[in-house]
Amino acid sequence: MQGLGWIAAIVVGGLAGWIASIIMKADTGLITNVIIGIVGAVIANALLSFFGVYTQAGSWLAQGVAGLIGAIILIWLYRAVAR
């Protein structure tokens, strides 16, 4: 979450993780939502940059969408490995 402050990264990551847990019907807590949102944003930014799509550094909306996509991918991967 380059370009955002630490507090903003936690807020955006938490919201992205919370929305992803609702979409994927995962029962996760507050700390887990923040972690999967922030880590998900990092993963999604790496995947998107591989395909030539770059989110604007500092844009809350772009980082939120990237966090949401990444968090959904993380929840999906966890469920695939856990089976």
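Predicted model: local features only at pLDDT ≥ 70, side-chain atom pairs only at ≥ 80, totals over all residues.

Reader: Let us start with H3. What distance between its end C-alpha atoms should one expect, and what is found?

Author: Helix H3 covers residues 60-82, which is 23 residues. At 1.5 Å a residue these should span 33 Å, and the end C-alpha atoms are 32 Å apart, so the two values agree.

Reader: Which residues of H3 are buried?

Author: The buried residues in H3 are Gln63, Gly64, Ala66, Gly67, Gly70, Ala71 and Ile75.

Reader: And what do the buried residues of H3 pack against?

Author: They pack against two helices, H1 (6-23) and H2 (30-50).

Reader: Let us take H1 first. How do H1 and H3 pack?

Author: Their axes are 8 Å apart, and the angle is about 45 degrees. The crossing of H1 and H3 is right-handed.

Reader: Which residues meet there?

Author: From H1, the residues include Ala8, Val12, Ala16 and Ile23. Among those they meet in H3 are Trp60, Gly64, Leu68 and Ile72. By class, the contact of H1 with H3 has 11 nonpolar, 5 polar and no charged residues.

Reader: Now to H2. At what angle do H2 and H3 pack?

Author: The angle between H2 and H3 is about 100 degrees, with their axes 6 Å apart. Since angles of 65 to 115 degrees count as roughly perpendicular, H2 and H3 are described that way: roughly perpendicular to each other.

Reader: Which residues make that contact?

Author: On the H2 side they include Ile36, Gly40, Ala44 and Leu47, and on the H3 side Ala66, Gly70, Ile73 and Leu74 are among them. The contact of H2 with H3 has 12 nonpolar, 6 polar and no charged residues by class.

Reader: Changing topic, where does lysine 25 lie?

Author: Lysine 25 lies in the loop between H1 and H2.

Reader: Is lysine 25 buried or exposed?

Author: Lysine 25 has a relative accessible area of 71%. The cut-off for exposed is over 50%, so lysine 25 is exposed.

Reader: What is phi of lysine 25?

Author: Phi of lysine 25 is near 55 degrees, a positive value in a residue other than glycine. Most residues other than glycine have a negative phi.

Reader: Finally, how far apart are lysine 25 and isoleucine 75 in space?

Author: Lysine 25 and isoleucine 75 are 9.7 Å apart, C-alpha to C-alpha, although 50 residues apart in sequence.

Definitions and conventions. Residues numbered from 1 in each chain as written. Heavy atoms only, no water. Helix = DSSP H or I, 4+ residues; strand = E, 2+ residues; numbered from the N terminus. Expected span 1.5 Å × (residues − 1). Buried < 20%, exposed > 50% of the residue type's maximum accessible area, 1.4 Å probe, protein only. Contact = heavy atoms within 4.5 Å. Axes fitted to C-alpha atoms, helices over the stretch in contact; angles between N-to-C directions. Left-handed = near helix turned anticlockwise from the far one by under 90°. Nonpolar A, V, L, I, M, F, W, Y, C, P; charged D, E, K, R; others polar. Parallel < 35°, antiparallel > 145°, perpendicular 65-115°, else oblique.
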